[in-house]
Amino acid sequence: MKISELLQRIDYTVLQGDLSEEITGICHDNRMLQEGDAFICIAGARFDTHTMAKELAKKAALLVVEKPVELDADCKTAVVQVASTRDVVAALAAAFYGYPSEKMVCIGITGSKGKTTCTHMMADILRAAGYLTGTIGTNGAILPTGCDHAVWGSNKYSCAPCNETPGYDCYELNNTTPDPMELQMYLAMMVKAGCTHVVLEVSSQGMKQKRVATVDFAYGVWTNIETGDHIGPNEHKDFEEYLYCKAMLLNQSRRAYVNCDDRHLDAFMKYVTLSDGSDGRTKQVFYYGEGEKADYHIGNLKKSQNGVLEAPGIEFTMSGALDADIQVNLPGDFNMYNAAAAVAIAHDMGISTDIINKGLTHLKIRGRFDIVFNNGHFAVCVDFAHNGYSTRNHLEALREYHPKRIVCVFGADGNRSKYRRYEMGEASALLADLSIVTAGHNRYETFDQIFADIKIGIDKAQKEKTEPVSYLVIPNRKEAIRYAIEHAQEGDMITILGLGHESYQEENGIKTPHSDIQFAAQCCKECYPQG
């Protein structure tokens, strides 16, 4: 690709060099710079790569800067200046990979909760309809098997068969919404593999940092928003900024689907510039929910259950823009909302109700109500619930399995909002028969610090209960999981919360390999070899 082609959609000033020269790669991490790359200099909080310009220019074919840099007198490397290098990263990455989002139908899902589940519901409906569909989000980048990653970038990204989706591979991601370079690379791989559709989880941090700035979203979904979550020095400064960043996805989409039953709907919609038709403009926002505002009205929720500890599901009706009976093989009232958003978009695409139900009744989402063991005597579930809202919903949904006891193994994360700890402790103490408090991602806090906050929530729950709250503290996560399994009683539902699909546990900046799914399954096999 010629430098001029890379720069064609951004504003820049040429400081020196020939823009007809070729580039062979693009990056903004000096550790990954290869001969012939375009390099984007960024002034970070701790390090400014502008100060390395002389050294970078020895390899780079192009430097993109936001301020003048010092180079050797005989340097021939092309240099262009832009107003903000951070603001052009996504545009340059998209250009380098050939604007892949413009070659697929892109669907973005945002919200405090439900992003992963709604993403996989949408993707499974599309796959049931015969569309080759990729996903990018919390559970990784999931693409058709056989994509040649080496063609596109560094070999540092690990890949494994996707147990959720036969015929697809899963690449682990560090963030729900990856860095623009990584994101555009995966989108390009999907295009090369023949994907016609992609569903992306879009985090508020991803929007704030403009990681998806150039993605061409045909559809955007807002599932809900919760106060107290993602607010803090490392995330959003306040709830208003959180609302604004969530709304950015819808404003970047051609059509948007919004949960009209969320209690923060009016506050959220203040930041949405798309029209819901009430102002006389063409309708671009469509509502789903039980309220009068809904274009896609949902209701008549029923629970389906075959027996004790057997997998339950839900059934509900939709009316208004679509009249249909919908079936889902996951429990939980909240999954009616997750499914409704996916169903509404599928209907807009012309997908039949039969195909929609085919997709929604064959769901298996890694780390989401993931039953990793069930011998008819007790069952073990792994879920990503990592705050009070999701913990409450998860534990309430587990009651639909009709267990004799719910045993909840959970840990809260360090260097995250303390509200998560209070609320997880309270929710487990109120809704589980036995809570086993253990470590999650302690990060740079001690377990004792984190547990002290969880205990505040447990003590609050105790004031609401007449009988004593039953809980244990086992800081080592593996020991906690093994204890729960070794002491399982007839009819128990053991649920392990906080890490879900993740393959590591973080403490003091070190990520140690660990999978709740694999370790729990291993313990069950060792403790109960006869099943």
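Modeller: Let me begin with the terms for helix packing. An axis is a line fitted to C-alpha atoms, for helices over the stretch in contact, and angles run from 0 to 180 degrees between N-to-C directions. Helices (H or I, at least four residues) and strands (E, at least two) are DSSP runs, numbered from the N terminus. The model is a predicted one, in which local features need pLDDT of at least 70 and side-chain atom pairs count only at pLDDT 80 or more, while totals for chains, interfaces and linings use all residues. Residues are numbered from 1 along each chain as its sequence is written, and side-chain values use heavy atoms, with hydrogens and water left out.

Biologist: Why are α12 and α13 called oblique to each other?

Modeller: Helix α13 covers residues 447–464, and α12 packs against α13 at an angle of about 45°, with their axes 7 Å apart. Angles under 35 degrees count as roughly parallel, over 145 as roughly antiparallel, 65 to 115 as roughly perpendicular, and the rest as oblique. The two helices are therefore oblique to each other.

Biologist: Is the crossing of α12 and α13 left-handed or right-handed?

Modeller: A crossing is left-handed if the near helix is turned anticlockwise from the far one by less than a right angle, and right-handed if clockwise. α12 passes α13 in a right-handed crossing. By class, the residues of this contact are 8 nonpolar, 3 polar and 6 charged. Here Ala, Val, Leu, Ile, Met, Phe, Trp, Tyr, Cys and Pro count as nonpolar, Asp, Glu, Lys and Arg as charged, and the others, Gly among them, as polar.

Biologist: What makes α4 oblique to α9?

Modeller: Helix α4 (residues 115–128) and helix α9 (residues 334–348) pack at about 40°, and their axes are 9 Å apart. That angle makes α4 oblique to α9. Their crossing is right-handed. The contact of α4 with α9 holds 10 nonpolar, 3 polar and no charged residues.

Biologist: Which residues of α4 meet α9?

Modeller: Contact means heavy atoms within 4.5 Å. On the α4 side, the residues are T117, C118, M121, M122 and I125, and among their partners in α9 are N335, A339 and I345.

Biologist: How do you know that α11 is mostly covered?

Modeller: Buried means under 20% relative accessible area, exposed over 50%, and partly exposed in between, with a 1.4 Å probe and protein chains only. In helix α11 (residues 388–398), 8 of its 11 residues are buried, including N393, H394 and L395. The elements that cover these buried residues include α9, β20 (405–410) and α12 (418–431).

Biologist: Why is P144 called buried?

Modeller: P144 has a relative accessible area of 8%, so P144 counts as buried. This residue lies in strand β8 (residues 140–144). Beyond its neighbours within four places in sequence, P144 is in contact with L132, G167, Y168, D169, A193 and C195. P144 and C195 are 51 residues apart along the chain, and their C-alpha atoms are separated by 8.0 Å.

Biologist: What makes G332 buried?

Modeller: Its relative accessibility is 1%, and G332 therefore counts as buried. G332 sits in the loop between β17 (324–328) and α9. Leaving aside neighbours within four places in sequence, G332 is in contact with I314, A397 and E400.

Biologist: Why is K210 called partly exposed?

Modeller: The relative accessibility of K210 is 36%, which places K210 in the partly exposed class. K210 also has a positive phi, of about 60°, although it is not a glycine.
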